[in-house]
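Dear colleague,

I am handing over the structure we spoke about, and my notes on it follow below. Please read them with the coordinates open beside you.

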Amino acid sequence: MILFERVSKRYPNGREALTHVSFRIESGEMVFLTGRSGAGKSTVLKLVALLERPTRGTVTVNGKSTGTLKARHIPAFRRQLGVVFQDHKLLADRPIFDNVALPLVVAGAPLREVDKRVRAALDQVGLLGKERMLPAELSVGEQQRVGIARAVVSKPPLIIADEPTGNLDPDLSLEVMRLFRRFSDVGVTVLIATHDQHIVRDLGKREIVLASGEIQEQGSADPGALPHVVATR
Amino acid sequence: MSLGVFGTRHLQALLGSLGRLKRNAVATVLTLLVIGLALALPAALGLFVTNAQSATGGFSQAIDMSVYLKSGVPLAKAQQLAADARQRPGIAQATVISADEGLEQFRRYSGFGAALDALKSNPLPNVLHVVPRRDASSAAQLQSLRSYFAAWPEVDVVQLDTDWVLRFNAILAVLRRLVLIAAALLGAGVLAVVGNTIRLEILNRRAEIEVTKLVGGTNAFVRRPFLYTGLLYGIGGAALAWTILEVAVLVLDQPVATLAQLYGSRYVLQGPSGQVLGVLFGGGMVLGWLGAWISAHRHLRSIEPRA
């Protein structure tokens, strides 16, 4: 599902965020990406979501190499991907329903389908009945769950999340992570960047550890998932 | 994508744009006012030219020639000359106004009836009234026609009262050109106003645009509501310009009628015709859409999602 081959990323300001990073995440796996701030976690996610392109090496997501994908194919590429942010990036002036519906609307889904799927997604994150509220009327934990509902509403095969529990207390964090695990259980590939070691340990999923832009440790694949190729450094 | 989905998307974009314009009513009204005035000005000037032309329509086309015969020339000779003149190409009409008819007309219209009664004999000559064909009314052709009549031995004077008609038509031509210049300049103004308004809105909605692109919105999808906003500005501005024109016509109606009456005319001021309205609304829509498109093209590309 995700394949990094000797990927390096240097930003225009000269900072080298990743150096020769290689790893593979199989379809249906749930993987944590950990490391200190500045270790390169966010850069890995940006490369997966095609917010950035690799400077060297190749990133393959869903069978597509992001380095060479044409600009006009990027929207279709991103529709195969659900993204969750630490600051959830909800539109403050739109009700919850509209926020969650956005990925379906941009993909041109019929209205009846949008209605059905948005309710299903909100049901999955336990927020059914709050469709007409504005994001500011919800708690931080609820807002984060709205962000997750938006990421999963179009049933993408891959979900990536950048510090999804960064603003949440431990109980809420665990709840959110369990939510991600439920998606993983039904075959969705999940990649979560976090620095929350407790949670990673509690869930017992594979962990890729980054330090200063290089892979320090990348664990073993889920039992049940296909064995991953051991990466070169 | 099916036609239904396509239509739904456009309807959503249109309604979204309408709602947004309504929510920022004050700003919308101000923008519409600027666009409306910019569209109304050349349209009003055009309307003025059209009215000036049709109010004077009767005589701006009335090019004719009076050929005064020498006083000894008898009426029968005059009839024969008129018949000869009718044979010449380029002449639509050649009629004889006999000395008696001329005197009668003069008596009726001049107000000198009593003074004329004091005259023992009719001092007026027989006159040929010649109307050239409209396609033979250029200055050079009229000049040649004039020399043709002047060469006859029976002819005393050829009078050609067309100078003022030509001048008047030249003034109208200048005004028509002015309308074009005003329309071009103010049209550019409308483009700039719409473009700038859309630019501000794009910057205001930056976060929304980023998220939309992040979840797979295409440039076309992101651009669509802004194009509809521009189109709505154009339509609204044109409607406002129309209102301005109609109000102006209403206000001017009475004084113009009075003025026309003083000239013995029953001319009634004409409002914008269907064609003018078509140009007004068509121009407004094209300018609004184009202004929005240019702005969106320039500014949307630079907004890419950041994590």
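How many Å apart do the C-alpha centres of domain 1 of chain A and domain 2 of chain A lie? In this predicted model, the two centres lie 24 Å apart. The domain assignment of chain A gives domain 1 as 1-80 + 156-233, and domain 2 as 90-155.

As for where these domains meet, ten residues of domain 1 of chain A are in contact with twelve residues of domain 2 of chain A. On the domain 1 side, helix 6 (residues 170-185) of chain A supplies the largest share, namely four residues, and by class that side holds eight nonpolar residues, one polar and one charged.

Leaving aside residues up to four places away in sequence, Ile159(A) touches Gly82(A), Val84(A), Ala151(A), Val152(A), Phe183(A), Val188(A) and Val190(A).

Finally, the contact between the chains takes 21 residues from chain A and 16 residues from chain B. On the side of chain A that touches chain B, the elements giving two or more residues are helix 1 (41-48), helix 2 (74-78) and helix 3 of chain A, and the residues of that side divide into 14 nonpolar, two polar and five charged.

With best regards

How values were computed. Residues are numbered from 1 along each chain as its sequence is written. Chains are lettered from A and ligands numbered from 1 in the order in which they are written. This is a predicted model: local features need pLDDT of at least 70, side-chain atom pairs count only at pLDDT 80 or more; totals for chains, interfaces and linings use all residues. Domain bounds come from an automatic or database domain assignment. Two residues are in contact if their C-beta atoms, placed from the backbone, lie within 7 Å. Ala, Val, Leu, Ile, Met, Phe, Trp, Tyr, Cys and Pro count as nonpolar, Asp, Glu, Lys and Arg as charged, and the others, Gly among them, as polar.
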